[in-house]
Amino acid sequence: MTGLLTTNLLRRLPSMLQRVCNEGFALCQFALPISVCDELYAEAESCGQWLPSQPSGEVEQRFETQQVLMELPTRHFVTTQNVGRELAQRVAAADWAVDQPWVPNDVAIQRYRPSSGGIGTHRDYARDILLIAVFTIRGIGHMEVIGDPEIQVRQEGIMTTPGSLVLLRGPGLTGRDIDDRPVHRVDPPVITRTSVAYRHNIGL
């Protein structure tokens, strides 16, 4: 099970991981071939059941979602699971200063329509440790990372396109005794955007 990620991502991954440690986030365009994006999208459209997002405290979020568990045997989400496994293998093989393995076990497929409110300003769940990896497989989106010098995060707008990968810092990545998850928001897209996010969820 190899060859699902682009050579561009494989070349850039070590520096992306260092940037996530140091700055809280990193972006790689052309991380997945469009053919793989098409396979992921086909699995979501033909095999899954879209559900409305649930409220999360005071954070406004409106999108449709599906959950896939990495360890659950399935013939419906083979490519979805294999992309996560290959990314985990490449992260483990990278030369970076984190000893704890990142083992994605929870996949969220999310669809944002232009009429949605996206996701308001928030941090990702504390139960999702080390890294959050988000591939865009359809559409174009905009994420705004909120600057915070106290946790070494700078303000930046991120434009995501089909095949792009955004990495976000989760708890335990830096070893600092502070909450250094980056604060960010996901704006409503101009055209419908679909993403696939891989997380190491210690709550499962």
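Predicted model: local features only at pLDDT ≥ 70, side-chain atom pairs only at ≥ 80, totals over all residues.

Phe30 counts as exposed, because its relative accessibility of 61% is over the 50% cut-off. Phe30 lies in the loop between E1 and H2, and, although it is not a glycine, it has a positive phi of about 55°. Most residues other than glycine have a negative phi.

Leu130, which is not a glycine either, has a positive phi of about 70°, but this residue lies in strand E7 and is buried, with a relative accessible area of 1%.

## Nonpolar cores

The largest nonpolar core comprises 41 residues, and those with the most contacts inside it are Leu9, Val83, Trp96, Trp102, Phe135 and Tyr198. Two or more residues each come from helices H1 (7-23), H2 (34-47) and H3 (78-93), and likewise from strands E1 (25-28), E5 (106-112), E7 (128-138), E10 (165-169) and E12 (193-201). A second, separate core has 12 residues, among them Phe25, Ile132, Val134 and Ala197.

Leaving aside neighbours within four places in sequence, Trp96 is in contact with Leu17, Gln18, Cys21, Val91, Leu131 and Leu173.

## Packing of H1 and H3

The axes of H1 and H3 come within 10 Å and cross at roughly 60°, which means that H1 is oblique to H3. The crossing in which H1 passes H3 is right-handed.

On the H1 side the contact is made by Leu9, Leu10, Leu13 and Leu17, and on the H3 side by Leu87, Arg90 and Val91. By class, the contact of H1 with H3 has six nonpolar residues, one charged residue and no polar residues.

Key. Residues numbered from 1 in each chain as written. Heavy atoms only, no water. Core = buried A, V, L, I, M, F, W, Y, C linked by side-chain atoms within 4.5 Å. Buried < 20%, exposed > 50% of the residue type's maximum accessible area, 1.4 Å probe, protein only. Helix = DSSP H or I, 4+ residues; strand = E, 2+ residues; numbered from the N terminus. Contact = heavy atoms within 4.5 Å. Axes fitted to C-alpha atoms, helices over the stretch in contact; angles between N-to-C directions. Parallel < 35°, antiparallel > 145°, perpendicular 65-115°, else oblique. Left-handed = near helix turned anticlockwise from the far one by under 90°. Nonpolar A, V, L, I, M, F, W, Y, C, P; charged D, E, K, R; others polar.
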